[in-house]
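Please look at the sequence and the model together.

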Amino acid sequence: MSKKQHQPAVGKKIANALKAYYRKNGCWNKGRKHTAQAKQNMSLGHIGLRRSKAGNKKHSESLKACYRRIGVSWNKGRKRSDEFKQKLSTANQGKVISAKQKAQISKAQKEHYRKYGSFHTGRKRSEETRRKMSAAQVGRTVSAAARRKMSLSHMGKKLSEETRQKMSLQRQGADHPNWRGGTSNEPYNASFNREFKAQIWKRDGFTCQICYKTGVALHVHHISYIKKDDRPENLTSLCISCHMKTNYNRDFWQAYFTYRIRRDYTPEASNSRQDIVRTARISKGAEVIRNDNPPSVH
Ligand SMILES: [Zn+2]
């Protein structure tokens with residue numbers, strides 16, 4: 001595209017005349033609208049044009065000045081059309097942000113946060129957004145380090161009574177992750193009494209079989225999780241806290257105690273190499289079980 005160039009002196013003359021006009025009458029083209037054709041032409045004329053470093057700075061300064069004057073960003077409240085969004089997205093694909101740029105963005109965001117607080121405080125996400133966010137998390141694995149960080153960030157945090165109530169209601173009955181179809185209401189055998197349990201505690205040396213604490217209150221745990229099965233090889237002594245742990249990772253604990261009972265109370269099985277291998281495999285599988293993908297353990 002050919003460009004008509006004025007002589008510098010002539011250009012200056014025109015600029016001065018315009019400025020004088022502006023001072024007297026305001027902007028000469030205020031309220032005028034560019035035709036679609038004119039817009040198109042201007043757009044084409046700018047393609048490939050780059051501002052000089054100084055020009056960039058000037059542009060940035062003028063935007064900042066505008067912001068200071070009116071107190072709001074020039075594009076506040078403006079909505080981007082779907083087409084424009086798509087264009088931006090395409091243009092940004094594969095764009096690499098340098099470490100320096102990242103640091104700058106981070107700094108600016110932190111400053112903004114200190115000044116105005118989080119931009120999404122009080123905002124509500126639509127059902128659709130929530131569904132999308134949820135879908136994006138499916139199958140995501142979180143590294144141990146990241147989990148630790150998340151855990152630390154929540155420590156000492158006090159939840160409001162309302163939030164606690166809500167959380168509690170969300171995890172009741174069939175909605176609780178450990179819901180087993182109401183089996184916890186099934187009764188124990190009448191013979192499963194204190195006297196009977198004392199025999200198991202005695203056999204186990206009055207020691208919790210997970211943490212090996214003695215002198216603490218003990219429960220008798222059903223290894224197979226079948227409450228009616230009171231055979232000694234289905235029973236083990238656990239402190240209350242460790243007994244709670246066996247509500248999770250049930251496959252793991254069942255396999256673990258089955259092995260332990262066989263090793264400790266049937267000596268002829270203790271040297272079975274197969275058992276040792278199996279236990280090693282089970283220990284390794286503990287993480288997998290947690291992910292609802294249990295290895296086959298018999
Ligand atoms: Zn214990």
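How many of the 11 residues of helix α7 (residues 144–154) are buried? The count is zero, and the helix is hardly covered. A residue is called buried if 20 or more other C-beta atoms lie within 10 Å of its own, exposed if 12 or fewer, and partly exposed in between, with C-beta atoms placed from the backbone. Helices (H or I, at least four residues) and strands (E, at least two) are DSSP runs, numbered from the N terminus. After α7 comes G156, with a positive phi near 75°. Helix α4 (residues 82–92) has zero buried residues among its 11, so it lies largely in the open.

Residues are numbered from 1 along each chain as its sequence is written. The pLDDT, the predictor's confidence in each residue from 0 to 100, averages 82 over the protein, and 87% of the residues score at least 70. Over residues 284–298 the pLDDT is below 50, and this stretch has 15 contacts in the model beyond near neighbours in sequence. Two residues are in contact if their C-beta atoms, placed from the backbone, lie within 7 Å. Where pLDDT is low, the predicted coordinates should not be read in detail.

The protein has 12 helices and two strands, in the order α-α-α-α-α-α-α-α-α-β-β-α-α-α along the sequence. Of its 298 residues, 8% are buried. Among contacts with a separation of 6 or more, 51% join residues 24 or more positions apart.

Four of the five residues of strand β1 (residues 218–222) are buried, so β1 is largely enclosed by the rest of the structure. For β2, the count is five of five, so this strand too is largely enclosed. Both faces of β2 are covered, with L235, S237 and C239 buried on one side and T236 and L238 on the other. β1 and β2 (residues 235–239) pair in the antiparallel sense over five bridges; strands count as paired if DSSP finds at least two bridges between them. L218 stands opposite C239, and V220 has S237 as its bridge partner.

Which residues make up the largest nonpolar core? There are eight: V220, I223, L235, F252, W253, A255, Y256 and F257. Helix α11 (residues 250–265) gives the most to this core, with five residues. A nonpolar core here is a set of buried Ala, Val, Leu, Ile, Met, Phe, Trp, Tyr and Cys residues joined through C-beta atoms within 7 Å. Apart from this core lies another, of six residues, including C208, I210, L238 and C239. In soluble globular proteins, nonpolar side chains tend to be buried together.

Two loop residues remain. Y212 lies between α9 (194–203) and β1 and has a positive phi near 60°, though it is not glycine. Y212 counts as exposed because it has 11 C-beta neighbours inside 10 Å. N249, in the loop between α10 (240–245) and α11, is likewise a residue other than glycine with a positive phi, near 50°. With 17 other C-beta atoms within 10 Å, N249 is partly exposed.

Notes:
Predicted model: local features only at pLDDT ≥ 70, side-chain atom pairs only at ≥ 80, totals over all residues.
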